[in-house]
Structure formats: C-alpha cells, structure tokens
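This report goes through selected features of one protein model, part by part. The sequence and structure are shown first.

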Amino acid sequence: MTLVMGVDSSTQSCKVVVTDAATGAIVREGRAAHPDGTSVDPAAWWEALQAAIADAGGLGVPGAADAVAAWAVGGQQHGMVALDADGRVIRDALLWNDTRSAGAAADLIAEFGADELARRTGLVPVASFTITKLRWLRDNEPDNAARVAAVALPHDWLTWRLRGFGPEGESPRGPVLDELVTDRSDASGTGYWNPETGGYDRELLVAALGHDAVLPRVLGPRESVTDGDGRLVGAGAGDNAAAALGAGARTGDVVVSIGTSGTVFAVTPERTVDPTGTVAGFASADGHFLPLVATMNAARVLDAIGRLLGVDHAELSRLALAAAPGAGGLTLVPYFEGERTPNLPDATASLTGMTLASTTRENLARAAVEGMLSGLAAGLDALRTLGVEPQRALLIGGGARSQAVREIAPLVFGIPVEAPEPGEYVALGAARQAAGLVTG
C-alpha cells in the first residue's frame, strides 16, 4: 500500500488525513486547533500542522511500509503572510475575514476600474483578497511594508516550512524565498494573478505594496517539488478548490460549502468574468475554472442562534423542522459581522417580521436556517447570470451535517441537493492531488 497525506489548514483548525493512494481510503488522521481571530501569527498554524501530523502517526521514515510517499496542503485562501529577506514573518497574517482593508479595496477600484481589474485578474477587490491587505499594510504600516521581500498565502507558507525551508536556525534548508510554490487556485485569489495568462500582474502588486517582491512559483495541477526527505509534494490548493477535488465535483455541479464562511462554486471549462465582483473568477486545482461566490456568515449563524436559544445543533435542527416554511413571516438577514456578498463590510444582522404569533423558538430556528441558505441561494443566482447552469448542488462542510439544512436547502435552492457522507473534503482533495503524483 502506498500512503499519501492531505492537509486542510482552515481558519479554525488543521486536519490531516493519510490515505491509500490507490483507493482513497483513510488509514490515519489527526487534528489540532487554530487560535481565534482575524489576525493570526502564522507560527500557530505551523505548530498546529506539526501536532496534527503527529496525531496522524507522522510522515514516517522514507521507504518504510507506513511512510508517506507524497503530500499536499489545502488551506484557507487570501491570508497575507509577509516575509522579510531572512524568511521571517513580519507581522500577524491578516485573514480572509479581516475587513479592515475595505477602504483599500475601494481605493484600488478607483485607481484601476472594476472592469479592468476583473479582466486582468478575474476579481474585483473586496476586503477578503490579498491585494487589499497589502495596500492596507502600505498605507498603515509603511515600515513593515518596506521590509516585505516575499508574499505568501497560508498554504504556500506551510508547504515551504514543511519542505524544510524557513528562517536560518529554525529550518534545515534555510530562507530560500525562491522555493515558495503555490497553485492556480490559490494564486487566483490574490488579486494580482491573471488566470488567462497564468502569470502574476506585477503592476497591480506594486500598486498595492509599493514595490515588487518574490511571489510563489505557480505549479501546474500535476507538477511537484520535493521535501527534505525526497518525498513528492503537490502544488496544494485553496480550500474550496481542494474541496471540489475531494467531493469529486464535475461540470454541472455546484458545491455549496457551509463552514465558517459559506461558498457556492461551480466547476466550469471556461473562465468567467464578472465586473460587479459578485462572482470571483477563480481557477480550479485541476486545470479548469471555479467561479465562486462567498459569504462571511454561514455555519456561525446557526451557532449564534443556537446559543441564543440555549440548544445544541441537533435540537436547533429539530426546532427548525417543526416550523412551517417561511417561519411565519420571521426573516433573519444574517450579516452578523459584515458581509462579503453583497459587499457590506460594516453591516449587521437584522430580524424582521416579529409578531406575537411568529416569535417562537421554532420560527427563529427556521429563520436562521432559511436566512443562511438564502444568502447562498443568491450565489446560485449570480452564477446563473454568467451562464452557469447548475444541475445539482453538493452540500459539504460542517453546516451540511444539520438535518434541517439538508431538508430545507432544496426548497431554497430550487435544484436537487445531495449531501455526501460528511468528511474532511479539503484534506481528502489534497490527498487525492498527492495520490496523482505517485499513481500517475
């Protein structure tokens, strides 16, 4: 049996699966928590990755029967990891859900125009994207910005570290910045990579940061590098692209991932361009494209209402299913901490339609589920405006474990919905990519 490892370094935790390269069956797995917050020291991710690998039984001695032959990392997108010339992290990474760079996004749009940015990068900047975080750094921490020698994303940086690179004295292979690598999917979420040409748009990088810098080399879907022990290392992927691989999504499918954030993305053979910025024109991990709509408020909407009602997820689901569709007129707009789609970084949530008859525990639970799903349904509609015609929705992520979510989703989405067996689809997608390196 040939073993491969896939990693999901998400916002909340690091998950590792070791699988049989031929069958995809999970042989071992491990997990470690990440700290809360929208600004995080990447060292915490590195510690969690090492702990999760140890929890999964380690990489093993190369050549041994229980050793991992190849690995790849999937990770949260957009987070800004700024490195100096010695390979040291300059400041905490600003994550995708850090909205302080909303003003920087507006500035970039004013300078270049939404249509031009969409044409060049597939994206119209919002606070989530890396390019806006670099502009924020330039404007608010100019001394730190001046020190930036390389910019990586979370999965790029973790791949670099696990391959043995890093600051002198902390890593066996040293601070070789040119050894940073990434993949098409994660590069396409930066705001300074062109999915049509496959190259970085250096003019946009300089406009954001104030100077040029080393950027990770973009590997193709089947390209690899090696770690310090000679294992094959895949390009990795952004979390949504890795999840598409793990779930086996195909053309005609829309994947609806309900985690900390919510995402709706399709697998398409052609690139999409949306000058409104609602649909991000990402690339996929397999050489195709992944038009995507993201919401900042997904499963945590259910967390918040569950806490308010004093119930666990199972009871929240039972309450929601006990209410009629429409929740008696009770409507929850779930923008608890701003929203990315629509782009309302300073928005707050609202509950309307409250009457003596409608204000029940059951209706509030139903309104939470329907409100969350309605935000995702708006993403489906946005994809349709670009000519994407979804035939089936695949529900994945922690929120898809809810019976109420699974039963209510077809009513809200208006298309057939399937919920694959719950699993770590990002880690499994990374493992599938690694398996392709050893099985051909």
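A327 counts as buried because its relative accessibility is 0%, where buried means under 20% relative accessible area, exposed over 50%, and partly exposed in between (1.4 Å probe, protein chains only). A327 is not a glycine, yet its phi is positive, about 55°. The residue sits in the loop between α11 (313-322) and β20 (331-333). Helices (H or I, at least four residues) and strands (E, at least two) are DSSP runs, numbered from the N terminus.

The model is a predicted one, in which local features need pLDDT of at least 70 and side-chain atom pairs count only at pLDDT 80 or more, while totals for chains, interfaces and linings use all residues. Residues are numbered from 1 along each chain as its sequence is written, and side-chain values use heavy atoms, with hydrogens and water left out.

H78 also has a positive phi without being glycine, with a value near 75°. H78 belongs to the loop between β5 (68-75) and β6 (81-83). With a relative accessibility of 4%, H78 counts as buried. Leaving aside residues up to four places away in sequence, H78 touches L94, W96, S128, F129, T130, K133, L153, D186, G189, F282 and R340; contact means heavy atoms within 4.5 Å.

## Strand β5 and its partners

Strand β5 is largely enclosed by the rest of the structure, because seven of its eight residues are buried. β5 pairs in the parallel sense with β1 (residues 3-9) over seven bridges. Two strands pair if DSSP finds at least two bridges between them.

## An open sheet

An open sheet is made of six strands in the order β18-β19-β17-β16-β22-β23, and its pairing is mixed. β18 and β23 (417-418) are the edge strands, each with a single partner, so one side of each has no neighbour in the sheet.

Within this sheet, β17 and β19 run antiparallel and are joined by four bridges. V264 has V293 in β19 as its bridge partner.

## Helix α9

Helix α9 (residues 239-247) is mostly covered, with seven of its nine residues buried. The buried ones are N240, A241, A242, A243, A244, L245 and G246. Their cover includes α7 (184-187), β15 (237-238), β17 (262-266), β19 (289-295), β22 (392-396) and α14 (425-439). After α9 comes G248, with a positive phi near 70°.

## Nonpolar cores

In soluble globular proteins, nonpolar side chains tend to be buried together. A nonpolar core is a set of buried Ala, Val, Leu, Ile, Met, Phe, Trp, Tyr and Cys residues joined through side-chain atoms within 4.5 Å. The largest such core has 43 residues, and L134, Y192 and L209 touch the most other members. At least two residues of this core come from each of α4 (130-140), α8 (202-209), α9, β18 (280-283), β19, β22 and α14. α9 gives the most, with five residues.

Another core lies apart from this one and has 42 residues, among them V254, V293, L302 and I408.

## The second largest pocket

A pocket is found on a 1 Å grid over the protein atoms alone: it is an open set of points where a 1.4 Å probe fits, with protein on both sides within 12 Å along at least five of seven lines, and its lining residues have an atom within 4 Å of a point. The second largest pocket has a volume of about 240 Å³; grid points are joined across faces, edges and corners, and a volume is the space filled by probe spheres set on the points.

The lining of the second largest pocket has 21 residues, with P334, Y335, G371, S374 and G375 nearest the centre. β20 and α12 (361-385) each supply at least two lining residues, and α12 gives the most, with eight. The lining divides into 10 nonpolar, nine polar and two charged residues. Here Ala, Val, Leu, Ile, Met, Phe, Trp, Tyr, Cys and Pro count as nonpolar, Asp, Glu, Lys and Arg as charged, and the others, Gly among them, as polar.
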